[in-house]
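Visitor: I have a model open and want to learn how to read its packing. Where do we begin?

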Amino acid sequence: MVRRASQVIYVSSSSLSVQAKKPPVASTSAPPAKKPAAPAAAGKAPPPSKAAPSEPLKYRFSQEDAEARAEELLPPAVFAELGDANWKVRLAAIEALSAWLAADGSAIEAEVVVRFLSKKPGWKESNFQVRCSPGGVRSWLLILVRRQVAGKMFGVFQLLAESSPSFSKAAAAITIPALSEKLGDMKLKTPAGDALLVFAEKSSLQFVLSQAYEPMAKQKAPKALADSLVWVDRAIREFGIGGLAVRELIEFLKVGLKSTNAAVRTNATKALVTLKLYVGAGASFWSGLREVGADLSDGQKSRRSCKTSTPRC
């Protein structure tokens, strides 16, 4: 698996006033069109599109600075209750935050909100295990309610990406690993997957995948990896391959092809078939796939029965 490591740059607080005069690159640029190009015709291999070179991520705030800013800018009750020990209070607070951001939160820095939520209520709302007695009703109720809080938090990230002028690649990069890990969670994969697609529309699919490959490949549960591959297939069909590092994506999909789990191998093959429809069968990318057990011919024939203008089978 090949993954391009992003450089991390913190911009000192003394330079914020100068940067504020410049229009933010990520927020002012028009989002890329979501409608993908038509898949390549059989036997014709168009020249592969080159992915844009990776840009260093420019974080404007450290974690400490972001928390201090959040205390200044967020409604006091929301700020306090997001860290409350009672899940009902946290759930009400995250709902209140979402409503406040939708109505009055356009001026607040998206990175401030993202960094604050990563601590309060934090990723613990989605990363948990049952530690009580097996079969305990209270334990499963706790799982359900904490998933509610996590789902609402993921919704806030999506709202920021859709409506905040200051939402940037740096803000997205803080959340992408955690969201990617939840693509296999029955209750959280929908809000997590929807947020990641909005991130891709705001920046690019290549950027989101570059941040998601490692956490997805490290999934321990086969079902989690299988569901992650379903999302990758959907994302390719949504956005096409413009600007995508195709070889990098194939290397990631090979992780699924080598799995001993049938569902993982099947979903990896489906994603490769979708990719092949766009790249073309004659491209050089496909050499070596048979060595890991990939047979794309049958899947490609079935998918060509779909309308090639919108390959959503």
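Guide: With one term. Contact means heavy atoms within 4.5 Å. Keep in mind that this is a predicted model. Now take helix α3. What covers the buried residues of α3 includes α4 (76-81) and α6 (110-122).

Visitor: Which residues of helix α3 are buried?

Guide: Helix α3 spans residues 63-73, and its buried residues are Q63, A66 and A70. Look at how they sit around the axis. Their arc is only 60 degrees, so they lie on the same side of α3.

Visitor: Which exposed residues does the face turned away from the buried side of α3 carry?

Guide: Three glutamates: E64, E71 and E72. Exposed here means over 50% relative accessible area, and buried means under 20%.

Visitor: Take W231. What does W231 touch?

Guide: Leave out residues up to four places away in sequence, and W231 touches L183, G193, L196, L197, L205, V208 and L209.

Visitor: Next, aromatic rings. How many aromatic pairs does the structure hold?

Guide: Five. To class a pair, check the angle between the planes: under 30 degrees is stacked, over 60 is edge-to-face, and the rest is tilted. F167 and F199 form a tilted pair, 5.2 Å centre to centre with 35 degrees between the planes.

Visitor: Where in the chain do F167 and F199 sit?

Guide: F167 is in the loop between α7 and α8 (169-181), while F199 is in helix α9 (residues 189-202). They are 32 residues apart, and the pair links distant parts of the chain. Both F167 and F199 are buried.

Visitor: Why is the pair of Y213 and F252 tilted?

Guide: Its planes are at 35 degrees, so the pair is tilted; the ring centres are 5.0 Å apart. This pair also links distant parts of the chain: Y213 is in helix α10 (residues 205-217) and F252 in helix α12 (residues 246-257), 39 residues apart.

Visitor: Are Y213 and F252 buried or exposed?

Guide: Y213 has a relative accessible area of 0%, so Y213 is buried. F252 is at 1% relative accessibility and therefore counts as buried.

Visitor: Which residues form an aromatic cluster?

Guide: W123, F154 and F157 form one.

Terms used. Residues numbered from 1 in each chain as written. Predicted model: local features only at pLDDT ≥ 70, side-chain atom pairs only at ≥ 80, totals over all residues. Heavy atoms only, no water. Phe/Tyr/Trp six-rings, centres within 6.5 Å; stacked < 30°, edge-to-face > 60°. Helix = DSSP H or I, 4+ residues; strand = E, 2+ residues; numbered from the N terminus. Buried < 20%, exposed > 50% of the residue type's maximum accessible area, 1.4 Å probe, protein only. Arc of directions from axis to C-beta.
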